[in-house]
Amino acid sequence: MNRAVVYVAAGGTGKTTLTRLLGSRYRYLTDETVGIDAEHQVLPYPKPLSIRVPNKRYKKEASPDELGLLPADGPAPVARILLLDRSDSYPAIPRVETTDLFDAVMSVVPQTSALSRLDRGLHQLSALIQATEGVLTVRYREAASLQPLIAELIGDPA
């Protein structure tokens, strides 16, 4: 199984928490900065993870090795893009919905930093979304509840 799930959300919504959880079972490709090539593969960028420190205004940087994350052994094709929406008020079982192309683009673009620098960046984003069967919006409470969905999306039989 060599597939990647790209998750998109505003800062402070649990992406790093999910990355820490998944990275101990699957390969850690990146956190926060996701580079995708023309073949729709996520390129490994194993940067340190910025972890919130309880009751502090700053974050702590922790290396993937320090956190016990499994190392990447090369690029991985994008299986799906997820728009994450986390709230303590959501039910324990995640709610997953297909997001239409326009809404997907409008949600992903604000979370990108280099799209405007790419040649035909919106076209490339649209092609990626269509090649990966569209974007899913996932409303969830706890990161651990997303493990079965991620396993299904990447083809993990466990």
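This is a predicted model: local features need pLDDT of at least 70, side-chain atom pairs count only at pLDDT 80 or more; totals for chains, interfaces and linings use all residues.
Local features need pLDDT of at least 70 and side-chain atom pairs count only at pLDDT 80 or more, while totals for chains, interfaces and linings use all residues. Residues are numbered from 1 along each chain as its sequence is written, and side-chain values use heavy atoms, with hydrogens and water left out.

A nonpolar core is a set of buried Ala, Val, Leu, Ile, Met, Phe, Trp, Tyr and Cys residues joined through side-chain atoms within 4.5 Å, buried being under 20% relative accessible area with a 1.4 Å probe and protein chains only. The largest has 18 residues, and Val5, Tyr7, Leu18, Leu82, Leu84 and Val138 have the most contacts inside it. At least two residues each come from β1 (4–8), α1 (15–23), β8 (76–86), β10 (135–140) and α4 (147–154); helices (H or I, at least four residues) and strands (E, at least two) are DSSP runs, numbered from the N terminus. The largest share, five residues, is from α4. Another core, of 17 residues, lies apart from this one and includes Val6 and Leu125.

Pockets are open sets of points on a 1 Å grid over the protein atoms alone, where a 1.4 Å probe fits, with protein on both sides within 12 Å along at least five of seven lines; lining residues have an atom within 4 Å of a point. The largest pocket holds about 1,200 Å³ of space, and of its 43 lining residues Val6, Thr33, Val34, Gly35 and Ile36 are the closest to its centre. β1 gives the largest share of this lining, five residues.

Key
Buried means under 20% relative accessible area, exposed over 50%, partly exposed in between (1.4 Å probe, protein chains only). Grid points are joined across faces, edges and corners, and a volume is the space filled by probe spheres set on the points.
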